[in-house]
2 protein chains.
Amino acid sequence: MAGVPLERLCIHQVTLMQCGFAESLECLARHGVPMTAIWHEKLDEVGVAAARRVLTDTQVEPVALCVGGTMAIGDAAERASQIELTRRRIEFCADLGIESLLMLTGGLGSGETDLLAARLNALEGFDSVVPEARAAGVRLVLEPLHPMVCGFRSVISTLSAACDFLDELDADDATGVALDTYALWWDLNLPRDIRRAAPRLRHFHVSDWLAETTDLRLDRGMPGDGLINNRAIRRSVEDAGFRGPVEIEIFSKRHWWRESPDEVVSEIVQRTSDFV
Amino acid sequence: MAGVPLERLCIHQVTLMQCGFAESLECLARHGVPMTAIWHEKLDEVGVAAARRVLTDTQVEPVALCVGGTMAIGDAAERASQIELTRRRIEFCADLGIESLLMLTGGLGSGETDLLAARLNALEGFDSVVPEARAAGVRLVLEPLHPMVCGFRSVISTLSAACDFLDELDADDATGVALDTYALWWDLNLPRDIRRAAPRLRHFHVSDWLAETTDLRLDRGMPGDGLINNRAIRRSVEDAGFRGPVEIEIFSKRHWWRESPDEVVSEIVQRTSDFV
C-alpha cells in the first residue's frame, strides 16, 4: 500500500500553533497541501470575514472547524452557554462553506464522577443543536478521545461508544464520526468498530503516540516516531470504504510547535508518504 | 450501600513502597488490615523464607503476588526469559500459599507497532505456563491496564479484551481476571463487561484518577480524591456476585509514597469506608 499522495493530505491548523491564521494557511499553500481543518482559537483571533479572505487567497480548502462546544460539563447555565457557542460555530461553518463541525462531548465537571450523567448532558446538547446544523447543511462530527482525557475532554473514549451515542441521537443526516488514531490505536476492537462506524465515518485524523510521552494532551508525535501503525489503521479505514483526506493533527507543545512551520509541513509531507 | 468494612480490606504492599517487606506488613497488622497483595520487588529483596516468616508473624493474608512476567515483549529469547520468570513466581505463590499470580501482558517492544502480534506472544506465553499454574494450584489472573500504558505495560486495555483473551486461552480452571478501577473507570461498557467477566472475576483493585494527574503510571490517587465513582463500580461488581476483598493499590510517587505508612493506612481505612 502506497503512502498518502499530496492531493489527499490535510493538515490541521492546530498543528501549526506557532502561526497566526493567515501564516498557517499560506505555509500550507506554499507546500501544495490542499486542505486544512480550522482551529477555533485561530478563527476567533481574526474573525470570519478575514478568515474568508485568507481561504480565498490561499485556495486551501477547510474540511472542518475544530471544535464545537463541550456540552457535557457544568450546571445548566454553563451547558446552555456551550450550546450557544456550538450554534455560533455552526454559523461560522455555514459562512465559510465548511461541511463539518468537529465535536467533543467534554468530560466531567469539578467534583463530578457520573459519566452517564455527563454523557446524557452531551446527548441533550447535541439534540438541541441538530436542527440548526441540519438547516445550515453542517454536520456535527463526534470525535472520541483517548481514555486518559476522559476527565476533562470527552466521556466518549471509543469508536463503539461514539456509534452508540449517535445511534441514540438518531440524526444521521446531520451527524458523523471522526477517527483519530492517537485516541484509538490501543483498541483491539478497532478493525471491527471501523466496519460498524464506516457509514458515518467523515474524518480520519493521524498522529503518533510517543513511547515516552510526557503530557496527557499536548505531546503528540509525527507519524513514524511512535507506536501507532497508522498505515494499518488507514488500510482498515479504506477497506471499509472511506475515501476522504488523511488529516494530520499534532498537538506538540514541546517539539513541533517550536519548529519553523515550513520544516513541520515538509516533514509531514514526507512522513505521510512513508508511514501513513 | 455501606462502605468497606475492615475485614474485607486488602492493601497492596506496593501502596507502601516507602517500606521494606516486613515493615509494610507490620504496619497493616497494626491497623487490623487483614489482607495484602505481595509486590514482586519487595519479595525479591527478602526472599521466600523471610517472607514466609513475616507472613506468619503478622498473620496478614497474601491474596495475590503482583506480578508475573510480561510475555508479549521482545525477541524469542527475551520472551523465554519472561516465561521462566513467570514459572519462578508461580513457585513463589505455591511456596507462600498465594492463590493468585497477577499477570500483565506487557506492551510493545522497541520499534514495534503490531499490537496483535504482541497479544499473540502473550497468549502463547500464558499457554506455556498454564500447566505449571494448574499443577501448583495457582491461578494466573490477567489484569487489563489503562490504554495510556498500552505501549509499555499491557496490550489488554479493557475488561472485554481480557475476556476475549481468556476465551481464546481456554483454561478457566487456572486463570481469572482482575478489575482495577483506575484502569477501566472511563469505559461506558464497564457495567455490561462486569456481567460478562463475573464468573472469572478474582480481584477488585481500587484507587482514584486525579483530575490533574502528572504521570502515566505512578500518580494514582486515594479513593475520594479524584474522578472515579468507586462505590458505583463496587456495586456493579457485587451485583454480579463478587464477594472477594476490596484491594487498594495506589502507585503514588509524588504523594503517598512520601508519607508515613501509618498515616497512609489509616487514611485508606477511612476512605474505603467513606468512598468505596
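A:Val67 sits in the loop that runs between strand E3 and helix H4 (76–96) of chain A, where helices (H or I, at least four residues) and strands (E, at least two) are DSSP runs numbered from the N terminus. The peptide bond between A:Cys66 and A:Val67 is cis, with omega at about -5°. In chain B, a cis peptide bond likewise joins B:Cys66 and B:Val67, with omega about -5°, and B:Val67 lies in the loop between strand E3 (61–66) and helix H4 (76–96) of that chain.

This is a predicted model, in which local features need pLDDT of at least 70 and side-chain atom pairs count only at pLDDT 80 or more, while totals for chains, interfaces and linings use all residues. Residues are numbered from 1 along each chain as its sequence is written, and chains are lettered from A and ligands numbered from 1 in the order in which they are written. For chain A the mean pLDDT is 97, with 100% of the residues reaching 70 or more; pLDDT is the predictor's confidence in each residue, on a scale from 0 to 100. The model as such scores ipTM 0.96 and pTM 0.97.

## Backbone at Asp170

Most residues other than glycine have a negative phi, and most peptide bonds are trans. A:Asp170, which is not a glycine, has a positive phi near 55°, and this residue lies in the loop between helix H6 (159–169) and E6 of chain A. A:Asp170 is exposed, because 9 other C-beta atoms lie within 10 Å; a residue counts as buried if 20 or more other C-beta atoms lie within 10 Å of its own, as exposed if 12 or fewer do, and as partly exposed in between, with C-beta atoms placed from the backbone. The counterpart in chain B, B:Asp170, has a positive phi of about 55° and is found in the loop between helix H6 (159–169) and strand E6 (175–180) of chain B. B:Asp170 is exposed as well, with 9 other C-beta atoms within 10 Å.

## Strands of chain A

| Strand | Partner strand | Bridges |
|---|---|---|
| E2(A) | E3(A), residues 61–66 | five bridges, parallel |
| E5(A), residues 139–142 | E6(A) | three bridges, parallel |
| E6(A), residues 175–180 | E7(A) | four bridges, parallel |
| E7(A) | E8(A), residues 246–248 | two bridges, parallel |

Individual bridges can be followed from strand to strand. A:Met35 has A:Glu61 in E3(A) as its bridge partner, and A:Leu142 has A:Val177 in E6(A). Further along, A:Ala178 is bridged to A:His203 in E7(A), and A:His205 to A:Glu247 in E8(A).

## The nonpolar core

Which residues touch the most other members of the largest nonpolar core? They are A:Val177 and B:Val177, in a core of 174 residues; such a core is a set of buried Ala, Val, Leu, Ile, Met, Phe, Trp, Tyr and Cys residues joined through C-beta atoms within 7 Å. Leaving aside residues up to four places away in sequence, the residues that B:Val177 touches include B:Val141, B:Leu142, B:Leu159, B:Ala162 and B:Cys163, and also B:Arg200 and B:Arg202.

## How the two chains meet

A rotation of 180° with 0.0 Å of shift along its axis superposes chain B on chain A, at an RMSD of 0.0 Å. The two copies are therefore related as by a two-fold rotation axis. Both copies use the same surface, since 100% of the contact residues of chain B recur in chain A. The superposition is by least squares on the C-alpha atoms of residues with pLDDT of at least 70 in both copies.

Across the interface, 20 residues of chain B are in contact with 20 residues of chain A. The side of chain B that touches chain A comprises 13 nonpolar, five polar and two charged residues. Contact here requires that the C-beta atoms of two residues, placed from the backbone, lie within 7 Å. As for the classes, Ala, Val, Leu, Ile, Met, Phe, Trp, Tyr, Cys and Pro count as nonpolar, Asp, Glu, Lys and Arg as charged, and the others, Gly among them, as polar.

Notes
Two strands pair if DSSP finds at least two bridges between them.
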